[in-house]
Amino acid sequence: MEFFVAARISNLQVVDPGEIRRVEFALPDYVEIGEIRYSLHDTMRPGTAFLAKPWGMRTEKFRRRMYTRSNSSCLEPGVLETFINHTHRPLADTSMWWQSEMADIWYEEGRTVEVRLTVDESQGLATVYENAALCKDGNLRLEPDGEWEDSRLVCVAYGTGITPFLSYIRYMANQAWRQGGGKCHGHMTLIASARHQGQLILHQELQEIAQQFPQHFRYVPVLTRSWPEDWPSLKGRIVQTNVLPSGEEQVDLTPLLNLVPDLSQAHLRMCGSFPACRQFTQGLREQGICPVTVRMESW
Ligand SMILES: Cc1cc2nc3c(=O)[nH]c(=O)nc-3n(C[C@H](O)[C@H](O)[C@H](O)COP(=O)(O)OP(=O)(O)OC[C@H]3O[C@@H](n4cnc5c(N)ncnc54)[C@H](O)[C@@H]3O)c2cc1C
């Protein structure tokens with residue numbers, strides 16, 4: 001049996017009009033199921049997604065959709081933050097609703113969206129349902145504490161695919177980077193690819209974290225379609241494709257390798273669309289590059 005709780009839309013901000021919004025859901029402290037009260041504990045692991053039932057604008061029904069949480073349960077318990085983009089797919093449904101005026105009205109009226117729970121009846125406890133309970137190559141659940149602290153991570157994010165890495169960064173900064181004292185030797189490079197500057201998610205916050213923890217975090221924003229004249233970071237796609245005279249497609253990883261020449265000594269993490277992730281792995285294969293581990297999630 002599945003259990004859901006009504007979570008209030010507690011924040012709805014435009015990142016890029018009609019394209020990307022920041023959404024937050026506030027969970028109540030407890031939930032009543034069959035006259036039994038369960039306290040609601042927020043233990044979501046960085047890199048996991050929750051399941052909500054937003055409104056589908058095309059189908060005019062509530063739909064089940066996964067969203068990766070971008071904040072951290074240890075810093076903001078009970079508040080699920082995510083970033084949602086309009087997919088512009090022919091059958092897009094909920095993704096365009098989130099960009100609509102109707103969503104604004106729901107937010108202003110304090111309306112709720114159902115979020116799936118996992119209920120432990122023997123303990124009287126409810127937690128937010130997570131898409132991934134174990135770390136696998138095809139998900140981005142962060143490794144257990146004690147395993148990631150000294151790792152060198154290279155995280156590649158396409159658009160809203162930055163969400164799992166935002167959760168990692170906020171968690172890592174709080175758990176390890178802030179403590180200093182040479183205990184944590186880990187490092188993360190975040191390469192965040194967006195079409196234009198207005199689509200960079202939490203750009204300023206990421207710049208500030210990079211300045212605060214230069215020994216642990218490097219932030220590389222990349223603009224692929226347009227950029228200001230004085231744009232100081234990378235321009236164009238980090239992974240490029242060339243069509244050979246034979247019609248075969250060849251993937252060129254040079255822009256990425258210029259940024260991280262020692263990719264084969266890093267743990268690679270990637271999140272974005274299926275085609276972007278497929279091209280990337282094709283390029284790694286073609287060029288014989290084998291990072292220490294590769295994990296990715298595509299939507
Ligand atoms: C684990 C997980 C985490 C996610 N996290 C986020 C997040 O943080 N932010 C976010 O914006 N989205 C996220 N998504 C995607 C999100 O759940 C929705 O799928 C997305 O918002 C589109 O919803 P939609 O209702 O508009 O369209 P959908 O119902 O997804 O798609 C519309 C139509 O397109 C088809 N379709 C779906 N995928 C493809 C494809 N790759 N190629 C061709 N056709 C396709 C579907 O069959 C459907 O008919 C996540 C998905 C998963 C599985």
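Two cysteines illustrate the result. The sulfur of Cys-135 lies 13 Å from the closest cysteine sulfur, in Cys-155, which is too far for a bond. Cys-271 takes part in no disulfide either, and the nearest cysteine sulfur, that of Cys-277, is 6.7 Å away. Accessibility is described in classes: buried is under 20% relative accessible area, exposed is over 50%, and partly exposed is in between, with a 1.4 Å probe and protein chains only. Cys-135 counts as partly exposed because its relative accessibility is 34%, and Cys-271 counts as buried because its relative accessible area is 0%.

The model is predicted, so local features need pLDDT of at least 70 and side-chain atom pairs count only at pLDDT 80 or more, while totals for chains, interfaces and linings use all residues. Residues are numbered from 1 along each chain as its sequence is written, and side-chain values use heavy atoms, with hydrogens and water left out.

The domain assignment, which is automatic or from a database, gives domain 1 (3-128) and domain 2 (152-298). Their C-alpha centres lie 26 Å apart. With contact defined as heavy atoms within 4.5 Å, 20 residues of domain 1 touch 17 residues of domain 2.

On a 1 Å grid over the protein atoms alone, a cavity is a set of points where a 1.4 Å probe fits but cannot get out; a pocket is an open set with protein on both sides within 12 Å along at least five of seven lines; and lining residues have an atom within 4 Å of a point. Grid points are joined across faces, edges and corners, and a volume is the space filled by probe spheres set on the points.

The largest pocket has a volume of about 1400 Å³. Of its 44 lining residues, Asn-85, Tyr-158, Thr-160, Ser-273 and Trp-299 are the closest to its centre. Both domain 1 (3-128) and domain 2 (152-298) give residues to the lining, so the largest pocket lies between them. Helices (H or I, at least four residues) and strands (E, at least two) are DSSP runs numbered from the N terminus. Among the elements that each supply at least two residues of this lining are strand β9 (79-85) and helix α6 (274-286).

The whole structure also holds 2 cavities of 30 Å³ or more. Strand β13 (residues 187-194) gives the largest share of the lining of the largest cavity, 3 residues. That lining includes Ala-192, Ser-193 and Ala-194. Trp-148, Met-172 and Cys-184 are among the residues that line the second largest cavity.

The table sets out volumes and lining classes, where Ala, Val, Leu, Ile, Met, Phe, Trp, Tyr, Cys and Pro count as nonpolar, Asp, Glu, Lys and Arg as charged, and the others, Gly among them, as polar.

| Space | Volume | Lining residues by class |
|---|---|---|
| Largest pocket | about 1400 Å³ | 15 nonpolar, 21 polar, 8 charged |
| Largest cavity | about 50 Å³ | 6 nonpolar, 3 polar, no charged |
| Second largest cavity | about 50 Å³ | 6 nonpolar, 3 polar, 1 charged |

Finally, Thr-118 lies in strand β10 (residues 112-120). Thr-118 is partly exposed, with a relative accessible area of 38%. Beyond its neighbours within four places in sequence, Thr-118 is in contact with Leu-125, Ala-126, Thr-127, Val-128 and Tyr-129. Thr-118 and Trp-106 are 12 residues apart in sequence, and their C-alpha atoms are 26 Å apart in space.

How values were computed:
Disulfide = S-S within 2.5 Å.
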